[in-house]
Amino acid sequence: AYASEEITKNEFFDRAQDKAVLTVQKHSMLIKGEQRNNEIAKAYLLLGKARYYNGKYLQAIEAFTYLLKNMSGDDLAVEAELWRSKSYLALEQYERAARELINIAYSGSLTSEQYAVSQAALADALLKAEKDSLATESLRNAFATEKSAYKRGRYAYLLGQLFEDLNYADSAIVAYQYVLDLNRRLPRELWIHARLAQLKNNTPKDEETLKAYKRLLRSDEDRRFRDKIHYFYGTYLLKGADTINAESELNASLQNKTNDAYLKSLIYEQLALNRLDQVAFVKAGAYLDSTLQNLAKETRRYRKVTRQRKKLDDIINYEKTITETDSLLLLIDMPEDSQKAVVDAYIKKIISDKEKAEAGSKEGTGGSIAMLGDFYFYNSRQVANGKLRFNQNWANIELADNWKYSPKKSIAVEEETSEIEVTDEGLDPALDPTTYLTQIPPPEARDSLRLLQNEAYFQAGLAYKEQFLIKAFAIDRFNSLMAANPAMRYIPPTLYHMYELYDDNPTEQLKWRSRILAEYPESDYAKIIQNPEALA
(Lines give C-alpha, C1' and ligand atoms only; values in the text may rest on other atoms or scores of the structure.)
Protein backbone atom coordinates (compact mmCIF):
# COMPACT_ATOMS: atom_id res chain seq x y z
CA ALA A 1 0.00 0.00 0.00
CA TYR A 2 1.19 3.47 -0.79
CA ALA A 3 1.57 6.16 1.84
CA SER A 4 -1.28 7.99 0.10
CA GLU A 5 -3.78 5.70 1.82
CA GLU A 6 -2.78 7.13 5.20
CA ILE A 7 -3.31 10.77 4.16
CA THR A 8 -6.52 12.41 5.35
CA LYS A 9 -8.37 13.96 2.45
CA ASN A 10 -8.96 17.69 2.44
CA GLU A 11 -12.31 18.95 1.19
CA PHE A 12 -10.69 22.07 -0.33
CA PHE A 13 -8.45 19.95 -2.54
CA ASP A 14 -11.52 17.97 -3.58
CA ARG A 15 -13.23 21.24 -4.57
CA ALA A 16 -10.14 22.34 -6.52
CA GLN A 17 -10.14 19.00 -8.33
CA ASP A 18 -13.84 19.32 -9.20
CA LYS A 19 -13.38 22.87 -10.50
CA ALA A 20 -10.40 21.84 -12.65
CA VAL A 21 -12.38 18.94 -14.16
CA LEU A 22 -15.36 21.24 -14.82
CA THR A 23 -13.09 23.79 -16.53
CA VAL A 24 -11.71 21.12 -18.88
CA GLN A 25 -15.17 19.76 -19.66
CA LYS A 26 -16.72 23.16 -20.45
CA HIS A 27 -13.86 25.15 -21.97
CA SER A 28 -11.56 22.67 -23.70
CA MET A 29 -10.93 23.62 -27.37
CA LEU A 30 -9.05 20.59 -28.69
CA ILE A 31 -9.10 21.06 -32.48
CA LYS A 32 -7.15 18.65 -34.73
CA GLY A 33 -5.09 17.46 -31.79
CA GLU A 34 -4.10 20.97 -30.72
CA GLN A 35 -5.42 22.71 -27.62
CA ARG A 36 -6.50 26.26 -28.57
CA ASN A 37 -7.47 27.40 -25.04
CA ASN A 38 -4.33 28.34 -23.10
CA GLU A 39 -6.16 28.18 -19.76
CA ILE A 40 -6.67 24.40 -20.05
CA ALA A 41 -3.00 23.77 -19.23
CA LYS A 42 -3.54 25.65 -15.96
CA ALA A 43 -6.60 23.51 -15.26
CA TYR A 44 -4.63 20.27 -15.75
CA LEU A 45 -1.81 21.59 -13.57
CA LEU A 46 -4.33 22.51 -10.87
CA LEU A 47 -5.93 19.06 -11.20
CA GLY A 48 -2.58 17.32 -10.75
CA LYS A 49 -1.62 19.46 -7.73
CA ALA A 50 -4.99 18.87 -6.03
CA ARG A 51 -4.62 15.13 -6.50
CA TYR A 52 -1.02 15.26 -5.25
CA TYR A 53 -1.95 17.06 -2.04
CA ASN A 54 -4.82 14.63 -1.48
CA GLY A 55 -2.39 11.71 -1.72
CA LYS A 56 -3.69 10.48 -5.09
CA TYR A 57 -0.23 10.28 -6.63
CA LEU A 58 -1.02 7.91 -9.53
CA GLN A 59 -3.96 10.05 -10.64
CA ALA A 60 -1.78 13.16 -10.28
CA ILE A 61 0.83 11.60 -12.59
CA GLU A 62 -1.92 10.97 -15.16
CA ALA A 63 -2.90 14.65 -15.15
CA PHE A 64 0.70 15.89 -15.43
CA THR A 65 1.51 13.36 -18.18
CA TYR A 66 -1.54 14.42 -20.22
CA LEU A 67 -0.43 18.05 -19.99
CA LEU A 68 3.10 17.15 -21.15
CA LYS A 69 1.91 15.02 -24.08
CA ASN A 70 -0.76 17.36 -25.43
CA MET A 71 0.53 20.80 -24.36
CA SER A 72 4.29 20.32 -24.38
CA GLY A 73 4.86 23.77 -25.84
CA ASP A 74 3.13 25.51 -22.96
CA ASP A 75 5.20 27.41 -20.38
CA LEU A 76 3.63 25.27 -17.65
CA ALA A 77 5.07 22.03 -19.08
CA VAL A 78 8.31 22.40 -17.09
CA GLU A 79 6.35 22.92 -13.89
CA ALA A 80 4.25 19.84 -14.71
CA GLU A 81 7.47 17.82 -15.12
CA LEU A 82 8.64 18.97 -11.70
CA TRP A 83 5.36 17.99 -10.07
CA ARG A 84 5.35 14.62 -11.82
CA SER A 85 8.84 13.93 -10.47
CA LYS A 86 7.66 14.87 -6.98
CA SER A 87 4.79 12.41 -7.40
CA TYR A 88 7.25 9.63 -8.26
CA LEU A 89 9.19 10.61 -5.16
CA ALA A 90 6.04 10.34 -3.02
CA LEU A 91 5.43 6.85 -4.49
CA GLU A 92 8.93 5.86 -3.27
CA GLN A 93 10.20 5.45 -6.85
CA TYR A 94 13.41 7.23 -5.92
CA GLU A 95 15.58 6.15 -8.85
CA ARG A 96 12.96 7.18 -11.41
CA ALA A 97 12.35 10.50 -9.68
CA ALA A 98 16.10 11.21 -9.65
CA ARG A 99 16.42 10.44 -13.39
CA GLU A 100 13.50 12.72 -14.24
CA LEU A 101 14.86 15.58 -12.13
CA ILE A 102 18.36 15.29 -13.65
CA ASN A 103 16.84 15.46 -17.15
CA ILE A 104 14.81 18.53 -16.15
CA ALA A 105 17.91 20.27 -14.79
CA TYR A 106 19.85 19.61 -18.02
CA SER A 107 17.00 20.93 -20.20
CA GLY A 108 18.13 24.50 -19.50
CA SER A 109 14.61 25.93 -19.66
CA LEU A 110 14.12 26.43 -15.91
CA THR A 111 13.78 29.68 -14.04
CA SER A 112 16.05 30.17 -11.02
CA GLU A 113 13.12 29.36 -8.71
CA GLN A 114 12.25 26.19 -10.63
CA TYR A 115 15.92 25.15 -10.69
CA ALA A 116 16.14 25.53 -6.89
CA VAL A 117 13.00 23.43 -6.43
CA SER A 118 14.26 20.73 -8.80
CA GLN A 119 17.65 20.53 -7.07
CA ALA A 120 16.05 20.32 -3.62
CA ALA A 121 13.75 17.51 -4.84
CA LEU A 122 16.72 15.74 -6.46
CA ALA A 123 18.62 15.89 -3.16
CA ASP A 124 15.58 14.40 -1.41
CA ALA A 125 15.41 11.56 -3.96
CA LEU A 126 19.13 10.81 -3.65
CA LEU A 127 18.97 10.83 0.15
CA LYS A 128 16.05 8.43 0.19
CA ALA A 129 17.91 6.23 -2.29
CA GLU A 130 20.79 6.27 0.26
CA LYS A 131 23.17 8.15 -2.05
CA ASP A 132 24.14 10.76 0.51
CA SER A 133 27.43 11.81 -1.06
CA LEU A 134 25.68 12.66 -4.37
CA ALA A 135 23.00 14.69 -2.60
CA THR A 136 25.49 17.32 -1.33
CA GLU A 137 25.96 18.86 -4.79
CA SER A 138 22.19 19.17 -5.35
CA LEU A 139 21.69 20.86 -1.98
CA ARG A 140 24.53 23.28 -2.73
CA ASN A 141 22.85 24.20 -6.02
CA ALA A 142 19.47 24.66 -4.33
CA PHE A 143 21.03 26.92 -1.69
CA ALA A 144 22.91 28.97 -4.31
CA THR A 145 19.88 29.67 -6.51
CA GLU A 146 17.06 29.99 -3.94
CA LYS A 147 15.98 33.57 -3.13
CA SER A 148 13.78 32.92 -0.09
CA ALA A 149 15.81 33.45 3.11
CA TYR A 150 13.83 30.78 4.98
CA LYS A 151 14.35 28.13 2.28
CA ARG A 152 18.03 28.99 1.98
CA GLY A 153 18.34 28.52 5.73
CA ARG A 154 16.60 25.15 5.51
CA TYR A 155 18.84 23.99 2.65
CA ALA A 156 22.01 25.09 4.47
CA TYR A 157 20.90 23.35 7.66
CA LEU A 158 20.17 20.12 5.78
CA LEU A 159 23.54 20.41 4.07
CA GLY A 160 25.21 20.69 7.49
CA GLN A 161 23.38 17.59 8.73
CA LEU A 162 24.43 15.73 5.59
CA PHE A 163 28.10 16.64 6.07
CA GLU A 164 27.83 15.47 9.68
CA ASP A 165 26.53 12.07 8.55
CA LEU A 166 29.45 11.86 6.11
CA ASN A 167 31.89 12.77 8.94
CA TYR A 168 32.98 16.04 7.32
CA ALA A 169 32.94 18.14 10.49
CA ASP A 170 34.66 21.21 8.98
CA SER A 171 32.25 21.35 6.04
CA ALA A 172 29.32 20.97 8.44
CA ILE A 173 30.53 23.93 10.50
CA VAL A 174 30.72 26.08 7.34
CA ALA A 175 27.22 25.00 6.24
CA TYR A 176 25.75 25.86 9.65
CA GLN A 177 27.47 29.26 9.48
CA TYR A 178 25.44 29.99 6.32
CA VAL A 179 22.31 29.56 8.45
CA LEU A 180 23.66 31.76 11.25
CA ASP A 181 24.55 34.53 8.79
CA LEU A 182 20.85 34.84 7.88
CA ASN A 183 20.23 35.69 11.55
CA ARG A 184 16.91 37.52 12.12
CA ARG A 185 15.53 36.58 8.73
CA LEU A 186 15.01 33.05 10.04
CA PRO A 187 12.73 31.65 12.77
CA ARG A 188 14.66 31.57 16.04
CA GLU A 189 14.16 27.80 16.35
CA LEU A 190 16.04 27.12 13.10
CA TRP A 191 18.82 29.54 14.08
CA ILE A 192 19.33 28.01 17.55
CA HIS A 193 19.41 24.46 16.13
CA ALA A 194 22.07 25.50 13.61
CA ARG A 195 24.13 27.17 16.35
CA LEU A 196 23.93 24.11 18.61
CA ALA A 197 24.80 21.75 15.76
CA GLN A 198 27.76 23.93 14.79
CA LEU A 199 29.13 24.02 18.36
CA LYS A 200 28.75 20.26 18.64
CA ASN A 201 31.16 19.77 15.72
CA ASN A 202 33.92 21.87 17.29
CA THR A 203 37.01 20.19 18.71
CA PRO A 204 36.57 18.79 22.27
CA LYS A 205 37.45 20.85 25.34
CA ASP A 206 37.61 24.10 23.37
CA GLU A 207 37.32 27.04 25.80
CA GLU A 208 35.44 29.28 23.37
CA THR A 209 32.89 26.54 22.66
CA LEU A 210 32.30 25.96 26.38
CA LYS A 211 31.76 29.71 26.87
CA ALA A 212 29.35 29.80 23.93
CA TYR A 213 27.19 27.05 25.48
CA LYS A 214 27.12 28.90 28.80
CA ARG A 215 26.10 32.15 27.07
CA LEU A 216 23.20 30.35 25.39
CA LEU A 217 22.08 28.96 28.76
CA ARG A 218 22.11 32.47 30.24
CA SER A 219 20.20 34.00 27.29
CA ASP A 220 16.64 35.03 28.15
CA GLU A 221 15.68 34.98 24.48
CA ASP A 222 16.64 31.31 24.21
CA ARG A 223 15.08 30.23 27.51
CA ARG A 224 12.47 28.07 25.75
CA PHE A 225 15.27 26.08 24.09
CA ARG A 226 17.18 25.27 27.28
CA ASP A 227 16.21 21.60 27.16
CA LYS A 228 17.92 21.32 23.76
CA ILE A 229 20.89 23.48 24.81
CA HIS A 230 21.55 21.23 27.81
CA TYR A 231 21.34 18.15 25.58
CA PHE A 232 23.77 19.45 22.95
CA TYR A 233 26.11 20.70 25.68
CA GLY A 234 26.08 17.22 27.20
CA THR A 235 26.87 15.51 23.88
CA TYR A 236 29.73 17.97 23.31
CA LEU A 237 31.18 17.19 26.75
CA LEU A 238 31.00 13.47 25.93
CA LYS A 239 33.30 14.12 22.96
CA GLY A 240 35.89 15.26 25.49
CA ALA A 241 35.29 12.16 27.68
CA ASP A 242 33.84 14.33 30.47
CA THR A 243 31.14 11.79 31.32
CA ILE A 244 30.21 13.14 34.76
CA ASN A 245 29.47 16.71 33.61
CA ALA A 246 27.92 15.41 30.40
CA GLU A 247 25.38 13.31 32.33
CA SER A 248 24.68 16.29 34.57
CA GLU A 249 23.73 18.31 31.46
CA LEU A 250 21.62 15.48 30.04
CA ASN A 251 19.71 15.19 33.32
CA ALA A 252 19.30 18.98 33.39
CA SER A 253 17.63 18.71 29.97
CA LEU A 254 15.14 16.19 31.39
CA GLN A 255 14.54 18.38 34.45
CA ASN A 256 13.42 21.19 32.15
CA LYS A 257 10.27 19.07 31.70
CA THR A 258 10.63 19.05 27.95
CA ASN A 259 7.60 18.00 25.90
CA ASP A 260 9.81 16.89 23.01
CA ALA A 261 9.47 13.09 23.06
CA TYR A 262 12.17 12.62 20.42
CA LEU A 263 14.63 14.67 22.48
CA LYS A 264 13.81 12.53 25.54
CA SER A 265 14.50 9.39 23.53
CA LEU A 266 17.91 10.76 22.49
CA ILE A 267 18.80 11.59 26.11
CA TYR A 268 17.75 8.20 27.48
CA GLU A 269 19.55 6.39 24.67
CA GLN A 270 22.75 8.32 25.37
CA LEU A 271 22.49 7.51 29.09
CA ALA A 272 21.98 3.86 28.14
CA LEU A 273 25.10 3.92 25.95
CA ASN A 274 27.08 5.38 28.86
CA ARG A 275 25.89 2.52 31.09
CA LEU A 276 26.82 -0.03 28.42
CA ASP A 277 30.34 1.43 28.34
CA GLN A 278 30.44 1.04 32.12
CA VAL A 279 29.11 -2.56 31.79
CA ALA A 280 26.11 -1.63 33.97
CA PHE A 281 23.64 -3.66 31.92
CA VAL A 282 20.72 -3.52 34.36
CA LYS A 283 20.67 0.29 34.36
CA ALA A 284 21.29 0.36 30.62
CA GLY A 285 18.21 -1.82 30.11
CA ALA A 286 16.09 0.57 32.20
CA TYR A 287 17.26 3.56 30.12
CA LEU A 288 16.54 1.69 26.88
CA ASP A 289 13.02 0.97 28.16
CA SER A 290 12.56 4.72 28.70
CA THR A 291 13.90 5.34 25.19
CA LEU A 292 11.29 3.03 23.67
CA GLN A 293 8.50 4.77 25.60
CA ASN A 294 9.35 8.00 23.76
CA LEU A 295 9.56 6.55 20.25
CA ALA A 296 6.83 5.77 17.73
CA LYS A 297 6.57 2.01 17.23
CA GLU A 298 6.55 2.09 13.43
CA THR A 299 9.93 3.86 13.13
CA ARG A 300 13.21 2.24 12.15
CA ARG A 301 14.90 3.62 15.26
CA TYR A 302 12.30 1.93 17.50
CA ARG A 303 13.09 -1.42 15.89
CA LYS A 304 16.83 -0.82 16.29
CA VAL A 305 16.55 0.05 20.00
CA THR A 306 14.21 -2.93 20.54
CA ARG A 307 16.84 -5.30 19.10
CA GLN A 308 19.48 -3.68 21.30
CA ARG A 309 17.26 -4.09 24.37
CA LYS A 310 16.52 -7.77 23.66
CA LYS A 311 20.25 -8.53 23.56
CA LEU A 312 20.43 -7.47 27.20
CA ASP A 313 17.49 -9.56 28.44
CA ASP A 314 19.52 -12.62 29.41
CA ILE A 315 22.42 -10.83 31.10
CA ILE A 316 20.02 -8.57 33.03
CA ASN A 317 18.14 -11.65 34.31
CA TYR A 318 21.41 -13.32 35.35
CA GLU A 319 22.68 -10.23 37.18
CA LYS A 320 19.35 -9.71 38.95
CA THR A 321 19.31 -13.37 39.99
CA ILE A 322 22.86 -13.08 41.39
CA THR A 323 21.93 -9.96 43.41
CA GLU A 324 18.61 -11.33 44.69
CA THR A 325 19.92 -14.76 45.68
CA ASP A 326 22.93 -13.18 47.38
CA SER A 327 20.63 -10.93 49.44
CA LEU A 328 18.31 -13.78 50.35
CA LEU A 329 21.20 -16.03 51.42
CA LEU A 330 22.51 -13.23 53.67
CA LEU A 331 19.05 -12.76 55.22
CA ILE A 332 18.59 -16.49 55.80
CA ASP A 333 21.85 -16.65 57.77
CA MET A 334 20.92 -13.65 59.96
CA PRO A 335 19.24 -13.99 63.38
CA GLU A 336 15.63 -12.72 63.61
CA ASP A 337 16.63 -9.46 65.31
CA SER A 338 19.04 -8.60 62.52
CA GLN A 339 16.42 -9.48 59.89
CA LYS A 340 13.92 -7.16 61.55
CA ALA A 341 16.54 -4.37 61.76
CA VAL A 342 17.18 -4.65 57.99
CA VAL A 343 13.44 -4.54 57.24
CA ASP A 344 12.88 -1.56 59.58
CA ALA A 345 15.70 0.36 57.86
CA TYR A 346 14.11 -0.39 54.47
CA ILE A 347 10.68 0.85 55.65
CA LYS A 348 12.26 4.05 57.03
CA LYS A 349 13.78 4.64 53.60
CA ILE A 350 10.34 4.21 51.95
CA ILE A 351 8.79 6.73 54.37
CA SER A 352 11.66 9.19 53.85
CA ASP A 353 11.38 8.96 50.04
CA LYS A 354 7.62 9.44 50.28
CA GLU A 355 7.99 12.54 52.45
CA LYS A 356 10.52 14.04 50.05
CA ALA A 357 8.19 13.42 47.12
CA GLU A 358 5.26 15.03 48.97
CA ALA A 359 7.42 18.01 49.94
CA GLY A 360 8.42 18.46 46.31
CA SER A 361 4.79 18.31 45.16
CA LYS A 362 3.79 20.89 47.78
CA GLU A 363 6.51 23.25 46.56
CA GLY A 364 5.22 22.86 43.02
CA THR A 365 1.68 23.49 44.22
CA GLY A 366 2.74 26.64 46.04
CA GLY A 367 4.04 28.10 42.79
CA SER A 368 0.82 27.32 40.96
CA ILE A 369 -1.27 28.83 43.77
CA ALA A 370 0.72 32.04 43.59
CA MET A 371 -0.02 32.22 39.89
CA LEU A 372 -3.73 31.48 40.25
CA GLY A 373 -4.43 33.65 43.29
CA ASP A 374 -5.23 33.02 46.95
CA PHE A 375 -8.89 32.11 46.55
CA TYR A 376 -9.50 28.57 47.85
CA PHE A 377 -11.47 27.15 44.93
CA TYR A 378 -8.94 28.24 42.32
CA ASN A 379 -6.79 25.22 43.14
CA SER A 380 -8.05 21.65 42.75
CA ARG A 381 -5.45 20.23 45.16
CA GLN A 382 -6.60 22.59 47.94
CA VAL A 383 -10.22 21.63 47.29
CA ALA A 384 -9.37 17.92 47.57
CA ASN A 385 -7.38 18.46 50.77
CA GLY A 386 -10.24 20.48 52.26
CA LYS A 387 -12.75 17.71 51.54
CA LEU A 388 -10.42 15.12 53.05
CA ARG A 389 -9.92 17.12 56.26
CA PHE A 390 -13.69 17.67 56.56
CA ASN A 391 -14.39 13.93 56.25
CA GLN A 392 -11.71 13.14 58.82
CA ASN A 393 -13.25 15.57 61.35
CA TRP A 394 -16.97 15.13 60.69
CA ALA A 395 -17.37 12.01 58.53
CA ASN A 396 -19.94 11.80 55.77
CA ILE A 397 -22.89 13.35 57.70
CA GLU A 398 -26.27 14.26 56.31
CA LEU A 399 -26.87 17.88 55.39
CA ALA A 400 -29.29 19.30 58.05
CA ASP A 401 -29.77 22.29 60.35
CA ASN A 402 -27.28 22.64 63.25
CA TRP A 403 -25.28 19.65 61.97
CA LYS A 404 -22.12 20.99 63.60
CA TYR A 405 -23.59 21.11 67.11
CA SER A 406 -25.22 17.67 67.30
CA PRO A 407 -23.43 15.93 70.22
CA LYS A 408 -24.48 12.41 69.17
CA LYS A 409 -23.15 12.84 65.68
CA SER A 410 -19.89 14.30 66.96
CA ILE A 411 -19.25 11.30 69.26
CA ALA A 412 -20.11 8.87 66.47
CA VAL A 413 -17.82 10.71 64.12
CA GLU A 414 -14.88 10.65 66.54
CA GLU A 415 -15.28 6.91 67.09
CA GLU A 416 -15.62 6.24 63.36
CA THR A 417 -12.66 8.45 62.49
CA SER A 418 -10.37 6.72 64.99
CA GLU A 419 -11.40 3.33 63.61
CA ILE A 420 -10.70 4.50 60.07
CA GLU A 421 -7.25 5.75 61.05
CA VAL A 422 -6.33 2.42 62.62
CA THR A 423 -7.63 0.53 59.61
CA ASP A 424 -5.75 2.80 57.20
CA GLU A 425 -2.50 2.09 59.01
CA GLY A 426 -3.08 -1.65 58.67
CA LEU A 427 -4.04 -1.41 55.01
CA ASP A 428 -0.58 -0.29 53.76
CA PRO A 429 1.46 -3.50 53.40
CA ALA A 430 4.51 -1.55 52.15
CA LEU A 431 5.00 -0.16 55.68
CA ASP A 432 4.29 -3.40 57.52
CA PRO A 433 7.47 -5.34 58.56
CA THR A 434 5.53 -8.61 58.41
CA THR A 435 5.12 -8.16 54.65
CA TYR A 436 8.86 -8.52 54.17
CA LEU A 437 9.72 -10.90 57.00
CA THR A 438 7.27 -13.52 55.72
CA GLN A 439 8.93 -13.43 52.28
CA ILE A 440 12.35 -14.45 53.63
CA PRO A 441 12.80 -18.12 52.63
CA PRO A 442 13.29 -20.76 55.35
CA PRO A 443 16.77 -22.23 55.97
CA GLU A 444 15.80 -25.34 53.98
CA ALA A 445 15.73 -23.22 50.80
CA ARG A 446 19.43 -22.40 51.10
CA ASP A 447 20.60 -25.21 48.79
CA SER A 448 18.11 -24.43 46.02
CA LEU A 449 19.04 -20.73 46.15
CA ARG A 450 22.72 -21.61 45.84
CA LEU A 451 22.02 -23.80 42.81
CA LEU A 452 20.09 -20.94 41.25
CA GLN A 453 22.95 -18.54 41.99
CA ASN A 454 25.55 -20.96 40.55
CA GLU A 455 23.62 -21.22 37.30
CA ALA A 456 23.36 -17.42 37.10
CA TYR A 457 27.12 -17.00 37.75
CA PHE A 458 27.96 -19.54 35.05
CA GLN A 459 25.60 -18.15 32.41
CA ALA A 460 26.65 -14.55 33.16
CA GLY A 461 30.32 -15.49 32.79
CA LEU A 462 29.55 -17.24 29.50
CA ALA A 463 27.62 -14.20 28.22
CA TYR A 464 30.42 -11.77 29.13
CA LYS A 465 32.98 -14.07 27.48
CA GLU A 466 31.23 -14.97 24.22
CA GLN A 467 28.49 -12.40 23.64
CA PHE A 468 29.91 -9.15 25.01
CA LEU A 469 33.66 -10.04 24.82
CA ILE A 470 34.40 -8.48 28.23
CA LYS A 471 37.15 -10.63 29.71
CA ALA A 472 37.45 -8.95 33.11
CA PHE A 473 33.76 -9.39 33.96
CA ALA A 474 33.72 -12.98 32.65
CA ILE A 475 36.72 -13.85 34.84
CA ASP A 476 35.06 -12.18 37.85
CA ARG A 477 31.82 -14.18 37.44
CA PHE A 478 33.66 -17.48 36.96
CA ASN A 479 35.87 -16.76 40.00
CA SER A 480 32.75 -16.01 42.07
CA LEU A 481 31.28 -19.32 40.91
CA MET A 482 34.38 -21.28 41.91
CA ALA A 483 34.45 -19.54 45.31
CA ALA A 484 30.80 -20.54 45.95
CA ASN A 485 31.65 -24.28 46.09
CA PRO A 486 29.47 -25.11 43.07
CA ALA A 487 28.01 -28.42 41.96
CA MET A 488 30.42 -30.76 40.17
CA ARG A 489 28.87 -30.24 36.74
CA TYR A 490 29.95 -26.58 36.75
CA ILE A 491 33.63 -27.09 37.62
CA PRO A 492 35.17 -28.63 34.41
CA PRO A 493 33.53 -26.18 31.96
CA THR A 494 34.37 -23.23 34.24
CA LEU A 495 38.03 -24.29 34.42
CA TYR A 496 38.14 -24.57 30.62
CA HIS A 497 36.57 -21.13 30.11
CA MET A 498 39.12 -19.62 32.51
CA TYR A 499 41.87 -21.38 30.51
CA GLU A 500 40.59 -19.72 27.33
CA LEU A 501 40.13 -16.30 28.94
CA TYR A 502 43.81 -16.15 29.93
CA ASP A 503 45.07 -16.64 26.36
CA ASP A 504 47.05 -13.39 26.75
CA ASN A 505 48.71 -14.52 30.01
CA PRO A 506 50.71 -17.75 29.49
CA THR A 507 51.61 -18.16 33.17
CA GLU A 508 47.99 -17.93 34.37
CA GLN A 509 46.76 -20.05 31.46
CA LEU A 510 49.25 -22.80 32.34
CA LYS A 511 47.82 -22.89 35.88
CA TRP A 512 44.27 -23.58 34.63
CA ARG A 513 45.54 -26.06 32.02
CA SER A 514 47.43 -28.05 34.64
CA ARG A 515 44.40 -28.12 36.92
CA ILE A 516 42.12 -29.49 34.18
CA LEU A 517 44.63 -32.20 33.19
CA ALA A 518 45.31 -33.16 36.82
CA GLU A 519 41.76 -33.17 38.19
CA TYR A 520 39.71 -34.15 35.10
CA PRO A 521 42.07 -36.06 32.75
CA GLU A 522 39.23 -38.06 31.15
CA SER A 523 36.99 -35.09 30.40
CA ASP A 524 36.35 -33.71 26.92
CA TYR A 525 38.01 -30.45 28.01
CA ALA A 526 41.28 -32.25 28.77
CA LYS A 527 41.14 -33.97 25.36
CA ILE A 528 40.57 -30.64 23.57
CA ILE A 529 43.53 -29.04 25.38
CA GLN A 530 45.84 -31.94 24.46
CA ASN A 531 44.57 -32.28 20.89
CA PRO A 532 42.22 -29.55 19.49
CA GLU A 533 41.10 -31.97 16.72
CA ALA A 534 40.24 -34.79 19.13
CA LEU A 535 36.48 -34.14 19.12
CA ALA A 536 36.19 -32.93 15.53
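**Figure 1. Salt bridge between Glu466 and Lys465 in the predicted model.** The side chains of Glu466 and Lys465 pair as a salt bridge, and their closest N and O atoms are 3.5 Å apart. Lys465 has a relative accessibility of 13% and counts as buried, because the cut-off for buried is under 20% relative accessible area.

**Figure 2. Salt bridge between Glu221 and Arg184.** In this pair the closest N and O atoms are 2.6 Å apart. Glu221 belongs to the loop between helix H11 (207–218) and helix H12 (226–239), whereas Arg184 belongs to the loop between helix H9 (169–182) and helix H10 (188–200). Glu221 is partly exposed, at 38% relative accessibility. Arg184 is exposed, and its relative accessible area is 57%.

**Figure 3. Network of salt bridges that includes Glu221 and Arg184.** Arg184 and Glu221 are linked with Arg188 and Asp222 in a network of salt bridges. Side chains of opposite charge can pair when their charged atoms come close.

**Figure 4. Salt bridge between Asp260 and Lys228.** The N to O distance in this salt bridge is 3.7 Å. Asp260 sits in the loop between helix H13 (243–255) and helix H14 (261–277), and Lys228 sits in helix H12; the pair links distant parts of the chain, 32 residues apart. Asp260 has a relative accessible area of 27% and is partly exposed. Lys228, in contrast, is buried, with a relative accessible area of 13%.

**Figure 5. Packing of helix H6 against helix H7.** Helix H6 spans residues 112–128 and helix H7 spans residues 132–145. Their axes are 8 Å apart and form an angle of about 160°. H6 is therefore roughly antiparallel to H7, since angles over 145 degrees count as roughly antiparallel. The crossing of the two helices, H6 and H7, is left-handed.

**Figure 6. Residues in the contact of H6 with H7.** On the H6 side, the contact is made by Ser112, Tyr115, Ala116, Gln119, Ala120, Leu122, Ala123, Leu126 and Leu127. These residues meet Asp132, Leu134, Ala135, Ser138, Leu139, Asn141, Ala142 and Thr145 in H7. By residue class, the contact of H6 with H7 comprises 11 nonpolar, five polar and one charged.

Definitions and conventions: Residues numbered from 1 in each chain as written. Predicted model: local features only at pLDDT ≥ 70, side-chain atom pairs only at ≥ 80, totals over all residues. Heavy atoms only, no water. Axes fitted to C-alpha atoms, helices over the stretch in contact; angles between N-to-C directions. Helix = DSSP H or I, 4+ residues; strand = E, 2+ residues; numbered from the N terminus. Parallel < 35°, antiparallel > 145°, perpendicular 65-115°, else oblique. Left-handed = near helix turned anticlockwise from the far one by under 90°. Contact = heavy atoms within 4.5 Å. Nonpolar A, V, L, I, M, F, W, Y, C, P; charged D, E, K, R; others polar. Salt bridge = Lys/Arg side-chain N within 4 Å of Asp/Glu carboxyl O. Buried < 20%, exposed > 50% of the residue type's maximum accessible area, 1.4 Å probe, protein only.
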